[in-house]
Amino acid sequence: MRRALRRSGRVVALAIVVFWSLFPLYWALKTSLSTNSAAERTPVQYVVTHPSFTAYQAVFGYGPESSEAAGGIARSLINVTVEASAATILTLFIAVLAAYAFARMRFRLKTVVFYAVIATLMLPVYATLIPLYRIMSDLGLVNTYVGIVLVYTSGFLPLALWIMYNVFMSLPPSIEEAARIDGATTLQTFRRVVLPMVRPGIAATAIVTFLFGWSQFIFPLVLSSSSSTEPLTVLLAAIDSRDVPYTLLNAAAIVAVGIPAIIVFFLNRWIVTGITAGSVK
Amino acid sequence: MKAAEHPDRDGLMPVPTGSLQQRKRPEEPKKRASRWAFLGLRRQRGRVGHDGGLPYLMVAPLAVCIGALAIYPTILTAIEAFFRVDPLTPPNRFVGFGNFSAILADSQVRQSLENTGWYMLFGVALTVALGTAIALLLRRPFRGRGVILAIVILPWALPGVVEGVIWSWIYNPTFGVLNSVLKSLHLIGQYQLFIGSHQIETILLISLVQVWQITPLAALIVLAALQSVPEELYEAANVDGASWHRVIRSITLPLIRPALAIATVQALVMSLNIFTQVYVLNVNATTGASIMSTTYFTTFQSLNFGEGYALSLLATLATVILSIGVVKILYRKVDYS
């Protein structure tokens with residue numbers, strides 16, 4: 001009896017957790033599929049009876065409701081994809097090389113450089129926001145892909161380094177020693193022996209980094225708010241304060257949710273690895 | 001570790017905890033390990049430069065990137081906070097603590113300081129409590145746990161702006177679902193303006209959006225710690241007939257304390273830095289302004305860079321001190337052996 005009670009208590013608690021996590025997203029999806037008049041009915045309707053895709057057409061610039069305000073969503077989707085991907089590739093490249101050196105090689109100033117980089121994990125956005133804006137405007141890199149990708153990379157590097165460093169440290173050195181005895185050079189060992197072994201770690205780091213890149217807001221708000229480089233987040237915040245239909249706003253939100261949601265549902269194993277490795281400092 | 005120090009304190013039989021104490025690996029001679037030895041940076045004995053120039057090449061991109069785009073800007077913030085900075089009329093003038101006294105005299109800054117205190121209170125309390133509860137629910141394997149875990153992680157992976165947009169529609173004063181639900185439950189007589197009319201209410205509702213986003217992180221951190229607690233401890237407690245809340249209090253909580261410390265610091269830092277949710281949900285009102293949003297508007301709308309720097313420096317120091325402080329208080333290594 002007590003067991004059954006506890007069991008049903010668990011089920012209820014889990015149902016609440018699922019509801020809490022999903023309801024806001026369901027509500028946005030429901031609104032995005034409604035017609036404007038259905039979305040603005042009171043009291044609210046909890047399900048869509050006749051789904052309408054006009055809001056999604058408008059998001060991509062087609063159909064009767066496409067407007068000036070919604071223009072640029074497709075472009076900003078391309079922008080965020082380019083920026084997040086480029087930052088992820090650059091971050092991974094730099095972090096993997098450096099992490100391997102920190103984990104396996106001897107060189108001067110190793111400890112100092114390592115701690116200096118890891119310490120920047122603690123820095124909040126405030127510490128660098130204003131100077132980065134001024135540095136980037138001095139260099140003429142405001143509103144360019146290069147500028148925003150460099151800033152993202154500098155922000156994502158410490159965490160990526162930390163995760164990859166732990167990944168390399170968890171490898172038994174004996175395999176590399178065996179490769180060296182067989183006559184492989186350091187670089188050959190790294191490329192042919194070590195890299196294939198750490199693919200899961202690289203995947204986890206890449207996924208977490210990409211998700212960070214996709215979500216960035218304050219840096220692009222300051223550094224790339226022209227339509228040629230602004231990511232979806234910045235555009236969404238801008239049209240939120242304009243007078244656009246709620247259905248369109250929610251459709252744009254659902255579009256922005258799409259990629260991260262797909263990543264979470266198919267690759268969540270890697271995310272758990274990445275988050276827990278990154279947070280246990 | 002509390003449980004090991006006071007094996008009998010909670011009336012729990014000393015079987016698990018007592019043996020914990022005795023089996024502290026006496027056979028292993030104590031190495032003189034530095035506090036940071038776990039990082040393995042001390043393996044440099046012998047000739048330095050054994051690997052030649054290669055490691056420098058491998059670390060150089062990292063060093064340049066972090067040096068130029070993280071450390072140099074931070075130093076710049078620390079210096080320029082003491083200058084009057086106007087990008088239109090250089091050069092900058094040294095003003096000592098002028099910027100600091102200016103921001104502290106600014107009523108809007110003081111308001112945002114107070115608001116941020118509330119954001120931190122709500123953010124930390126709700127995130128850690130909810131995160132721990134979710135972690136406890138997901139501790140043992142069951143059918144469908146993978147799917148539920150993915151659902152739990154989902155809000156963490158989404159952009160804060162999107163979440164702000166979604167929740168502002170939920171809070172909408174004329175068509176929002178929150179109004180509709182509260183009205184049909186007769187909790188409110190008529191539709192309310194939730195955001196921007198009442199300070200604490202505004203802050204709580206904006207904070208809730210952030211809690212929705214960061215709770216998964218706390219849950220995952222605590223879950224990882226829960227799963228490393230040896231099952232025998234629970235079995236022993238079960239044999240002794242300990243009630244579930246006693247088990248949580250005497251076994252679980254002491255053993256996951258480091259994880260709670262980390263989850264607390266994460267929530268603390270994120271709520272101290274709350275910006276996106278405030279920016280999106282509270283665009284035209286100052287009721288819920290946070291330090292970060294005030295810094296942003298001071299700097300990039302009023303173009304008062306000096307005061308922006310001063311605010312940034314204070315907030316950075318607060319973040320760093322708080323993180324170190326909480327870790328010092330709560331974080332102690334746990335020995336399961």
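## A helical chain and its partner

In chain A, helix H4 (residues 73-104) has 32 residues, which at 1.5 Å a residue should span 46 Å; its end C-alpha atoms are 46 Å apart, so the two values agree. The expected span is 1.5 Å times one less than the number of residues. Helices here are DSSP runs of H or I with at least four residues, strands are runs of E with at least two, and both are numbered from the N terminus.

This is a predicted model, in which local features need pLDDT of at least 70, side-chain atom pairs count only at pLDDT 80 or more, and totals for chains, interfaces and linings use all residues. Residues are numbered from 1 along each chain as its sequence is written, while chains are lettered from A and ligands numbered from 1 in the order in which they are written.

**The chain as a whole.** Chain A holds 13 helices and 0 strands. Its radius of gyration, taken over C-alpha atoms, is 23 Å, whereas a compact globule of 281 residues would have one near 19 Å (the globule rule is 2.2 Å times the number of residues to the power 0.38).

**Two domains.** An automatic or database assignment sets the domain bounds:

| Domain of chain A | Residues |
|---|---|
| domain 1 | 2-59 |
| domain 2 | 73-279 |

Their centres, taken over C-alpha atoms, are separated by 32 Å. Where they meet, 12 residues of domain 1 of chain A are in contact with 12 residues of domain 2 of chain A; contact means C-beta atoms, placed from the backbone, within 7 Å. On the domain 1 side, H1(A) gives the largest share, 5 residues.

**Inside.** H4(A) is mostly covered, with 23 of its 32 residues buried. Buried means that 20 or more other C-beta atoms lie within 10 Å of the residue's own; 12 or fewer is exposed, and in between is partly exposed, with C-beta atoms placed from the backbone. The largest nonpolar core has 180 residues, and those with the most contacts inside it include A:Ala95, A:Ala253 and B:Val222. H4(A) provides the largest share of this core, 17 residues. Such a core is a set of buried Ala, Val, Leu, Ile, Met, Phe, Trp, Tyr and Cys residues joined through C-beta atoms within 7 Å.

**Meeting chain B.** The contact takes 83 residues from chain A and 76 residues from chain B. On the chain A side, helix H13 (residues 246-279) gives the largest share, 17 residues. Leaving aside neighbours within four places in sequence, A:Ala253 is in contact with A:Ala28, A:Leu236, B:Val162, B:Val165 and B:Ile166.

Notes
Contact = placed C-beta atoms within 7 Å.
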